[in-house]
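Hello,

Here is the structure I promised to pass on to you. Have a look at it first, and then read on for what turned up.

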Amino acid sequence: MENPCEVLGTEGLIRRHEFVRIIIQCLYSLGYSSSAACLELESGISYKSNELKLLESFVLNGNWDDSIEYLNSIKDVLGESRESALLLVSRQCVREYLNCGEDELALAVLRKQVSALDVDRCKVHSLAMCMLSFKDRELAVVDENDVVVHDLRRKLLADLESLLPPPISVPEARLERLVESTVTAWVDSCMYHSSSNQISLYEDHRCSRDQIPTRTTQILTGHKNEVWFVQFSNNGEYLASSSNDCTAIIWKVLEDGILTLKHTLNGHQHAVSFVAWSPDDTKLLTCGNTEVLKLWDVETGTCKRTFGNQGFVVSSCAWFPNSKQFACGSSDPEKGVCMWDCDGNVIKSWRGMRMPKVVDLAVTPDGEYLVSVFMDKEIRILHMGTNAERVISEEHPITSLSVSGDSKFFIVNLNSQEIHMWDVDGKWDKPSRFNGHEQHKYVIRSCFGGLNNTFIASGSENSQVYIWNRRNPTPIEVLSGHSMTVNCVSWNPKIPQMLASASDDYTIRIWGPSFQKNEGQVE
């Protein structure tokens, strides 16, 4: 049991000697050398251990035999780091012998010490090559008191200090890392954290629910029928919506957070169920299950090109990062998945009678993967560079797909009333699961949102919007306001406190933090 005088904290878990030593290290690293030395004198605790001090004296004086002998004498304390430490010392010894013209001594060290080490043989070969090529003779012929030699020995000590285990040395920036671990734990346990502001150390961190959208700030009523899809632009300055009324609308996000109608996009003959912003936000794609694919100019609101004809069935589309090419998926297996450019040229296609119907697809923002959902339980992740493909099979039908902004994760909505999150790289054996919403028979779309894609939001057949923290399978908020099924949600990528939801009640609701005062309606 620790002596009560030698421990700190209310639980007696912190050893006083270690705590003070870490503080001294921090003071030295911050440049407060006088304060650090004063604390060492007053506390009687030295930042450097006796072992490190002895090794330092050997190295600075060029006593290589003593250095090697000492490292071998404390091998039980050093553990696995002994071999690497011996290689560092031997390398400096060889270099200095070579630069003094003592080639035979250098060769003896290489044969006796280095060759016996259980280390990466490439490092040993590299050291041997320096003897043959003389490329490592930076010092020319100098005596051991030369300032360059001293600097190299100091660097060796720094390398040894970072390599040797505690308590011989204190891990680099130990106090900073302890504090960072605490701050990280605060953030990880904060279900509402969505702020990029620096976190104060003066008190334990905890965000209020004001950090996420929980209150209706505006109701958009520009559509004349069910609203099936909404998506914010990548720069957060626009919102696009599509509807069963055969139109799509581009809304402008003003500086005060209010949205105004910019363009109504007419031209489709049937319901528009999907929109996709180009990465540079200058173009917009619109399509529907029984509709052609149209390309629009965002600034003017004019249709630049129509892809296909009335028999061309497109269920979803997604852009590649260059804003010049995109992929579209069809529920017609003969159409499959096509990659187009904006001039209407088919660059690549995956089609055929054995191709399942495409339910939804997405391209990761970095352009490396094409993720497709096939009728009706299969997910295929295709690496665009290598054509390597991975398949995930779900137990229940999938209705929609959404990829995180950092290209690391994607979520799928299942009609089993669950949302599953998978990693794109394929390291997970099973998904993270989220539940609480209602989904039986309609297409419900979810999205990532908030700072670092911390949250997941989804519509629901019970007319509500659900929000989860990715670390928690149960909702942290349920937002009421719509009167019918909420089909789709979109989180503003640049305004973490703004969320849009589209509903069968013909409206789009804009959600903001509860402290926001303004609320309005746009016809």
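A word on naming before anything else: helices (H or I, at least four residues) and strands (E, at least two) are DSSP runs, numbered from the N terminus. Please also keep in mind that this is a predicted model.

With those names in hand, you can find aspartate 376 in the loop between β17 (369-374) and β18 (378-383). Aspartate 376 is joined to methionine 375 by a cis peptide bond, with omega at about -10 degrees. Another cis bond links proline 166 to proline 167, where omega is about 5 degrees. Proline 167 sits in the loop between α9 (147-163) and α10 (174-189).

Alanine 173 lies in the loop between α9 and α10 too. Although alanine 173 is not a glycine, its phi is positive, about 50 degrees. Its relative accessibility is 26%, so alanine 173 counts as partly exposed. Tyrosine 506 also has a positive phi without being a glycine, near 75 degrees. You will find tyrosine 506 in the loop between β29 (499-503) and β30 (508-512), and at 38% relative accessibility it counts as partly exposed.

Next, the pocket. The largest one has a volume of about 1,100 Å³. Its lining is made up of 45 residues, and Gln231, Asn234, Pro365, Ser402 and Val403 lie nearest the centre. Several strands supply at least two lining residues each, among them β4 (227-232), β16 (358-363) and β28 (486-491). Sorted by class, the lining has 27 nonpolar, 15 polar and three charged residues.

What about the interior? In soluble globular proteins, nonpolar side chains tend to be buried together. Here the largest nonpolar core holds 41 residues, with Leu239, Leu284, Leu293 and Ile508 making the most contacts inside it. Strand β6 (residues 248-253) gives the largest share of this core, five residues. Apart from this core lies another, of 28 residues, including Leu78, Leu110, Leu156 and Leu157. As for isoleucine 508, its contacts beyond four places away in sequence include Leu239, Trp251 and His482.

Finally, which residues of helix α7 (residues 103-112) are buried? They are Ala106, Val109 and Leu110. These cover an arc of only 100 degrees around the axis, which means that they are on the same side of α7. Glu104, Arg111 and Lys112 are exposed on the other side of α7.

Enjoy exploring it!

Best wishes

Terms used:
Residues numbered from 1 in each chain as written. Predicted model: local features only at pLDDT ≥ 70, side-chain atom pairs only at ≥ 80, totals over all residues. Heavy atoms only, no water. 1 Å grid on protein atoms, 1.4 Å probe; cavity = no way out; pocket = protein on both sides within 12 Å on 5 of 7 lines; lining within 4 Å. Points joined across faces, edges and corners; volume = space filled by probe spheres on them. Nonpolar A, V, L, I, M, F, W, Y, C, P; charged D, E, K, R; others polar. Core = buried A, V, L, I, M, F, W, Y, C linked by side-chain atoms within 4.5 Å. Buried < 20%, exposed > 50% of the residue type's maximum accessible area, 1.4 Å probe, protein only. Contact = heavy atoms within 4.5 Å. Arc of directions from axis to C-beta.
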